[in-house]
Amino acid sequence: MIEVRGLCKRFGPVQAVRGVSFAAADGRITGLLGPNGAGKSTTLRMLYAVLRPDAGEALIDGVSAVHAPRQALRGLGVLSHAAGIYPNLTARENVLYFAALHGLSRAAARRRTDALLELLEMHDLAGRRAKGFSQGERLKTALARALVHEPRNVVLDEPTNGLDVMAVRALRALLRRLREAGHCVLFSSHVMQEVAALCDEVVVIGAGAVLASGTPEAIRARAGCAALEDAFVQLIGGPA
Ligand code: ADP
Ligand code: MG
């Protein structure tokens, strides 16, 4: 369970996030939907304690990411676009290395890494150095790494950026599997269809503020639109 309350962040003259609040429940996929520059990454970065908010609170399973980040991050797996993987390590070594950083024993690290390589169908990749991996292959490796400590909550910042159709489908299937296993899944996107295809709950964000939240159906109904895309455009104040 992820909760953010009244988060604010300013960069010089730019008020990037202005009082954002929402909750993302376990066993649900929640989409943070907004155009470029809306404040999605800034909000998520406060959630995984890369940025300190000017005001507000971010809780991972009730633990403050602002005041107890180390403890809070134990319950969180993060996939951000900055996620660099080590090119000279194999996919398997990349995941094992993260397991060690999280303090897993050697046996547990191996067990967990092998399970993830299996889950993500990475048999062909496991022993290859990450140098030269395609976008989709890098994404799988980064995902395995993000999940190695078995976090209950998973946050992904625009995970489908730059992926081909097959990789997007594989990612969707994986997020659904995480949901079925009871995880809290929160991801950001500027692509409406992406969110419509996957999300149980949507939080629409524009200019640093939450414009609407609820199920896709509720948002469509509230905006009086048949299509979520029309509702989205209307909410963010774009052309009709
Ligand atoms: P999104 O992820 O929704 O595209 P961001 O959270 O990256 O939006 O950015 C929100 C706003 O904050 C933008 O105007 C962006 O230029 C600004 N911003 C984000 N990070 C920084 C930073 N480190 N320094 C200055 N401005 C930033
Ligand atoms: Mg972003």
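Biologist: Say buried means under 20% relative accessible area, exposed over 50% and partly exposed in between (1.4 Å probe, protein chains only): where does Tyr97 fall?

Modeller: Tyr97 is partly exposed, because its relative accessible area is 38%. This is a predicted model, where local features need pLDDT of at least 70, side-chain atom pairs count only at pLDDT 80 or more, and totals for chains, interfaces and linings use all residues. Residues are numbered from 1 along each chain as its sequence is written, chains are lettered from A and ligands numbered from 1 in the order written, and side-chain values use heavy atoms, leaving out hydrogens and water.

Biologist: Thanks! Which helix is Tyr97 in?

Modeller: Tyr97 sits in H3, residues 91–101. Helices here are DSSP runs of H or I, at least four residues, numbered from the N terminus.

Biologist: And which residues form a nonpolar patch with Tyr97?

Modeller: Tyr86 and Leu101 do, and together the three have about 310 Å² of accessible area on the surface. Such a patch joins nonpolar side chains (Val, Leu, Ile, Met, Phe, Trp, Tyr) within 5 Å, from residues with over 30% relative accessible area and no salt bridge (a Lys or Arg side-chain nitrogen within 4 Å of an Asp or Glu carboxyl oxygen). The areas come from the Shrake-Rupley method with a 1.4 Å probe, with only the protein chains shown as cover for residues.

Biologist: New topic: how many residues of H1 are buried?

Modeller: Six of the eight in H1 (residues 40–47), so that helix is mostly covered. They are Lys40, Thr42, Thr43, Leu44, Met46 and Leu47.

Biologist: Which residue with a positive phi follows H1?

Modeller: That's Ala49, with a phi near 65°.

Conventions. Patch = residues over 30% accessible without salt bridge, like charges linked within 9 Å, V, L, I, M, F, W, Y side chains within 5 Å. Helix = DSSP H or I, 4+ residues; strand = E, 2+ residues; numbered from the N terminus.
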